[in-house]
Amino acid sequence: MTKMYYDQDADLGFLSDKTIGVIGYGNQGRAQALNLRDSGLKVIVGVRADETQQQAVSDGFGTLSIEEAAKGAQVLLLLIPDEVMPGVFESEVRPWLSRGNALCFASGYNVAFKLIEPPGGVDVVMVAPRMIGAGVRQRYLEGKGFPSFIGVEQDASGDALKATLAIAKGIGSTRSGVMLLTFAQEAELDLFTEQGFGPAFGQVLLAAIQTLIDAGYPVEAVMTELILSGEFAYSMQKIAEMGFFPQMELHSHTSQYGSMTRSVRYMNPQIAQTMQEVLEEIRSGAFAREWEAEQKAGLPVFNQIKEMRNEHPIAEWDRVTREAFHLG
Ligand code: NDP
């Protein structure tokens, strides 16, 4: 069992004499900045003069540039997209870092794969919510917590864990508990969900759709049954809320009997083997290097795949089904 921390383990007072600089005001940036401010902490926001700056201003934050916020804060939360973070860090953050500052990431990715190598003398910590930004804000306002993975990669001050826990408490996460992991563990788990589980699930869904369409069922009915009804999404939500087996009780006996007796037929060792290969590419850093090279080359593969997905028949199946139900 890994180490868990809760509200009583965290001291907001640790940050009371510090200025927290939130860099980026998007999904996580907005939610975390508002939560930290509502927790009584001093928060400044650094954004480029672009779309989200207006949102920050209307939420009552000043209009600081990223450099100004990096200069003025002792604790910096880097909450911009992971792929632009290394460039922004080098040009607009690193020059302003002083000894004793803390850098907090919401994802272990850039540090774990050495795309950002912070200088010695600063604390390097992670508070990575397992929740989208809107949920981070909503649950805070409801007085509820949400899980986060936290980590300390570099403890220059000797107090890095205290800073991490105070940030986690300030955003409302320690109400339900935070779990200590390494940056690498967080990044690898996250990538595996995206590459090991997501695509496998996507292929299963496509195979199910194709099987039913080939068997002559109307496209609109198949898409409604498998996707539009939201039945599967509901089950996943209930698995999260109740647990894997307890949620089964929400389904009819016919459903339970049918799914339990047939599930064994889908046990395929090839799936686990492919997952292991995908995990190995992630852990060795091969994926991170591939993705970095792809970005430097101007995203040729990424753009080509995006083109191809527009041509996949599911785009049309989706469209006709939504049209049939006047869903636009
Ligand atoms: P967003 O995509 O929502 O970030 C948008 C913000 O970044 C905006 O303020 C945007 O400014 C700014 N930005 C975008 N590009 C640049 C750039 N080139 N230079 C300067 N600023 C830029 O990010 P997320 O909140 O999704 O992710 C932030 C971090 O949180 C990441 O590390 C991510 O892995 C992590 N995370 C995200 C989760 C989520 O819910 N999405 C969940 C858990 C962790 P502008 O308006 O000018 O474009």
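The largest pocket here comes in at about 1,900 Å³, and keep in mind that this is a predicted model. Its lining runs to 32 residues, with Phe 201, Val 204, Phe 232, Ser 259 and Tyr 266 lying nearest the centre of the largest pocket. Helices α8 (183-214), α9 (219-228), α10 (231-242), α11 (253-263) and α12 (269-283) each give two or more residues to that lining, and α8 supplies the largest share, nine residues.

The ligand, though, sits in the second largest pocket. The elements giving two or more residues to the shell around the ligand are α1 (27-38), α2 (51-58) and α4 (85-93). As for the second largest pocket itself, α8 gives the most to its lining, again nine residues. Glu 83, Asp 190, Leu 191, Glu 194 and Trp 291 lie nearest the centre of the second largest pocket.

| Pocket | Volume | Lining residues | Lining by class |
|---|---|---|---|
| Largest | about 1,900 Å³ | 32 residues | 19 nonpolar, ten polar, three charged |

Now for the ligand's surroundings. Its shell holds 24 residues, and the closest are Tyr 25, Arg 48, Asp 50, Thr 52 and Asp 82. By class, that shell splits into 13 nonpolar, seven polar and four charged residues. Asp 82 also puts a polar side-chain atom 2.6 Å from a ligand oxygen. On its own the ligand has 890 Å² of accessible area, and the protein covers 78% of that.

How values were computed: Residues are numbered from 1 along each chain as its sequence is written. This is a predicted model: local features need pLDDT of at least 70, side-chain atom pairs count only at pLDDT 80 or more; totals for chains, interfaces and linings use all residues. Side-chain values use heavy atoms; hydrogens and water are left out. A residue is near a molecule or strand if one of its heavy atoms lies within 4 Å of it. A polar contact is a pair of N or O atoms within 3.5 Å; within protein, one must be able to donate a hydrogen and the other to accept it, and residues adjacent in sequence count only if both atoms are side-chain atoms. Accessible areas come from the Shrake-Rupley method with a 1.4 Å probe; for residues, only the protein chains shown count as cover. On a 1 Å grid over the protein atoms alone, a cavity is a set of points where a 1.4 Å probe fits but cannot get out, and a pocket is an open set with protein on both sides within 12 Å along at least five of seven lines; lining residues have an atom within 4 Å of a point. A molecule sits in a cavity or pocket if more than half of its atoms lie within 2 Å of its grid points. Helices (H or I, at least four residues) and strands (E, at least two) are DSSP runs, numbered from the N terminus. Ala, Val, Leu, Ile, Met, Phe, Trp, Tyr, Cys and Pro count as nonpolar, Asp, Glu, Lys and Arg as charged, and the others, Gly among them, as polar. Grid points are joined across faces, edges and corners, and a volume is the space filled by probe spheres set on the points.
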